[in-house]
Amino acid sequence: MKHFPTFFTLQDRTVAVIGGSAMALQRIRLLLQAGSRVALFARTLEPALAELVLEGAVRWQAHSVRQANFAGAALAFVATGDAAEDAVATELARAAGVPVNVVDRPELCDFIMPAIVERGPVTIGISTGGASPVLARSLRGRIEAALPARLGALARLAAEFRDRAKAAIAGATERRRFWETVLEGPVGEAALAGDESGARRRLQALLDGGAPAEARAEAHAGAVYIVGAGPGDPDLLTFRALRLMQQADIVLYDELVGPEILDYVRRDAERVYVGKIKANHSKSQDEINALLVAHARAGKRVLRLKGGDPFVFGRGGEELEYVRRHGIEAMVVPGITAALGCAASAGIPLTHRDHASSVTFLTGHTRDGELATDWRVLARPDQTLVVYMGLSAAGKLAAKLLVAGLDRATPVAIVERGTRPDQKISTGALSDLKTLADRHQGGGPALLIIGKVAALAKSQSPEFNALLKEAV
């Protein structure tokens, strides 16, 4: 190990910075976040540095470096941009007994700066020992993507209750187990989801009840997570969805959740297919509701994984209502709904200043099979219609819009398997909608987009579109 990793307390301590360059500015911003008193020595300043001086955040002396500049400093950073000046400043700092870091000069450094990931009190430093700062930044990006955005809130919660937990739980081993179960259970998940007050109440109740036995029971209490998996591309999963997919004990997933998405589920989690396709439901909605409650009551973390967004034609509202009515802890995680993902993937803006001032989502598959709606409102030419599950009803849909007055030449687009590698896009006019839809029957989930913006669709499958044009 070339460098010993440590974290240095700089709150209310003086740090000397030599140089007024952009690199000096980067260091100073970090030092101010750490609560340091920054003493800056430079003949000239970057404009942004000058603003910090005017605001009083930084104390500046406009002269070349001197040994007296390092008196009382905890650390020194050198960023003059001139090799000779850097070397002189380094020697003076060492003579004053102050550890020094020289930007982009690892051979002169007493310590080096890591790439930093920060989530409130949680700070992660990544270093390659100066071998490859680019690699360190790349690793930082990967860690940033893996950590919950509200991890700092969870750390603050633990700090707030640390003394109370110590008073309530005598043994160090029991305390460790208590915190493990609490932070990885419903209390921790509530904090990460932004419900800090709820997490605080639950944690206080655990300690009032004589943890840790209650904490273990709390950690193993069942919960249901109703999660949107997006339109199909795994890269469109949210960070929270990924985290819960890794924590779930059992996953109930829909037809629209493909294997590429399921690959991100915890390896040892049980997987139950509950998908529905037209005239073939593997499980009724009542059966799905009962499974959610039964598995949660058995102490499992149940992930209800749905394509798109669970609250947009996904029956997520029905499931949430049922689960909560039975006293089960529940959470909803939104996903990118098909209308947004497929339209973007096809290059179709759902609203456009020149073509559409509003957008309406509707379904072609209602409970009673009827398309009951105000067709005169839907037939306005200055809006976009997005139809879910509309292939089989495309002919009826087009006929009702034509009768209501929508121009037969109104552009339409059908996006099949949107956002996926095998995506297919076809375009045409409203009068051709049924013929276009027939060509997509049996090919996979498809979305209908009706309105002037559909004419902006890009063609990702020229051969497929050529066949459609021949058919039309």
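Asp249, Arg266, Asp268 and Arg301 are linked in a network of salt bridges, a salt bridge being a side-chain nitrogen of Lys or Arg within 4 Å of a carboxyl oxygen of Asp or Glu. By this rule the count comes to 22 salt bridges. The model is a predicted one, in which local features need pLDDT of at least 70 and side-chain atom pairs count only at pLDDT 80 or more, while totals for chains, interfaces and linings use all residues. Residues are numbered from 1 along each chain as its sequence is written, and side-chain values use heavy atoms, with hydrogens and water left out.

**Salt bridges between separate elements**

- Helices (H or I, at least four residues) and strands (E, at least two) are DSSP runs, numbered from the N terminus.
- Glu85 and Arg43 form a salt bridge through their side chains, at 2.9 Å from N to O.
- Glu85 belongs to helix 3 (residues 83–95) and Arg43 to the loop between strand 2 (37–41) and helix 2 (47–55), so this pair ties together parts that are 42 residues apart in sequence.
- Glu85 counts as partly exposed, at 31% relative accessibility; buried means under 20% relative accessible area, exposed over 50%, and partly exposed in between (1.4 Å probe, protein chains only).
- Asp110 and Arg94 form a salt bridge through their side chains, at 3.2 Å from N to O.
- This pair links distant parts of the chain, with Asp110 in the loop between strand 5 (100–102) and strand 6, and Arg94 in helix 3, 16 residues apart.
- Asp110 is partly exposed at 40% relative accessibility, and Arg94 is partly exposed at 34%.
- Glu270 and Lys300 form a salt bridge through their side chains, at 3.6 Å from N to O.
- Because Glu270 lies in strand 10 (residues 270–273) and Lys300 in the loop between helix 12 (285–297) and strand 13, the pair ties together parts that are 30 residues apart in sequence.
- Glu270 is partly exposed, with a relative accessible area of 38%, and Lys300 is partly exposed, with 27%.

**Nonpolar cores**

- A nonpolar core is a set of buried Ala, Val, Leu, Ile, Met, Phe, Trp, Tyr and Cys residues joined through side-chain atoms within 4.5 Å.
- The largest nonpolar core has 23 residues, and those with the most contacts inside it are Leu157, Phe178, Trp179, Val187 and Leu203.
- Two or more residues of this core come from each of strand 6 (115–119), helix 5 (151–168), helix 6 (172–183), helix 7 (186–192) and helix 8 (196–208).
- Helix 5 gives the largest share of this core, six residues.
- Leu157 touches Val187, Ala191, Ala199, Arg200 and Leu203, not counting residues up to four places away in sequence; contact means heavy atoms within 4.5 Å.
- A second, separate core has 21 residues, including Ala394, Ala398, Leu430 and Leu448.

**Nonpolar surface patch**

- Phe313, Leu340, Val359, Phe361 and Met389 make a nonpolar surface patch of about 410 Å².
- Patches are made of residues with over 30% relative accessible area and no salt bridge; like charges are joined within 9 Å and nonpolar side chains (Val, Leu, Ile, Met, Phe, Trp, Tyr) within 5 Å.
- Accessible areas come from the Shrake-Rupley method with a 1.4 Å probe, and for residues only the protein chains shown count as cover.
- Phe313 is placed in the loop between strand 13 (301–306) and helix 13 (316–325), and Phe313 is partly exposed, with a relative accessible area of 38%.

**Cysteines**

- The count of disulfides comes to zero, a disulfide being a pair of cysteine sulfur atoms within 2.5 Å.
- Cys109 counts as buried at 16% relative accessibility, and Cys342 is buried with a relative accessible area of 6%.
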